[in-house]
Amino acid sequence: MPSILNQKERMLLQDQQHHEQLCIQKYTKYSNEAQDPQLKQLFQTHASHEQHHFDTISQILSGQVPNLNQQQGQGQQSQSSQVYNTGITQNQNTSFNQNDASLANDMLTTEKYISGTYDTTIFEIRDTNIRQVLNHIQKEEQKHGEDLYKYMQSHGMYNTPS
């Protein structure tokens with residue numbers, strides 16, 4: 001059964017689609033600029049996830065409610081988690097490329113912002129199935145933020161007081 005969106009829902013989803021496009025562009029650009037192969041891979045993996053989010057929102061805007069495939073999302077999350085865990089021990093590397101740190105920090109800030117905008121959109125959507133799909137996307141955005149945080153922390157780019 002196709003879903004009919006009201007004007008506000010459509011506007012909010014178009015905003016989210018724009019955010020996803022921005023993430024795809026930034027992750028792709030930053031994967032080309034990053035020096036650390038692990039960071040390059042993390043950016044490439046996240047760009048792929050963001051493309052999936054963009055496509056999902058496109059389906060919703062066209063009136064289709066995508067099937068929520070938890071298995072696929074969990075596979076994506078564990079795959080991206082492996083990128084920053086491979087061969088890294090806590091506080092192993094305190095010498096880092098400043099440009100890589102800036103790129104990672106920008107993407108962490110972007111993920112924080114986008115996760116927050118999903119909150120507003122989710123609360124404004126009437127259709128429970130669409131809300132579930134958007135909630136799933138938001139959880140993946142939060143996982144991207146966690147991946148970036150852990151990468152930065154393990155490379156001495158993000159120090160938190162004990």
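Let me begin with a definition: a salt bridge here is a side-chain nitrogen of Lys or Arg within 4 Å of a carboxyl oxygen of Asp or Glu. The model is predicted, so local features need pLDDT of at least 70 and side-chain atom pairs count only at pLDDT 80 or more, while totals for chains, interfaces and linings use all residues. Residues are numbered from 1 along each chain as its sequence is written, and side-chain values use heavy atoms, with hydrogens and water left out.

A search of the whole structure gives seven salt bridges. In one of them, arginine 126 pairs with glutamate 9, the closest N and O atoms being 2.9 Å apart. Arginine 126 sits in the loop between α4 and α5 and glutamate 9 in helix α1, so the pair ties together parts 117 residues apart in sequence; helices here are DSSP runs of H or I, at least four residues, and strands are E runs of at least two, numbered from the N terminus. Arginine 126 is exposed, with a relative accessible area of 53%, whereas glutamate 9 is buried at 2%, where buried means under 20%, exposed over 50% and partly exposed in between, with a 1.4 Å probe and protein chains only.

Lysine 8 and glutamate 124 also meet in a salt bridge, at 3.2 Å from N to O, and this pair links helix α1 (residues 7-33) with helix α4 across 116 residues. Lysine 8 is partly exposed at 44% relative accessibility, and glutamate 124 is partly exposed at 33%.

Within helix α5, aspartate 147 and lysine 143 are four residues apart, which means a separation of about one helical turn; their salt bridge has its closest N and O atoms 3.3 Å apart, and both residues are buried.
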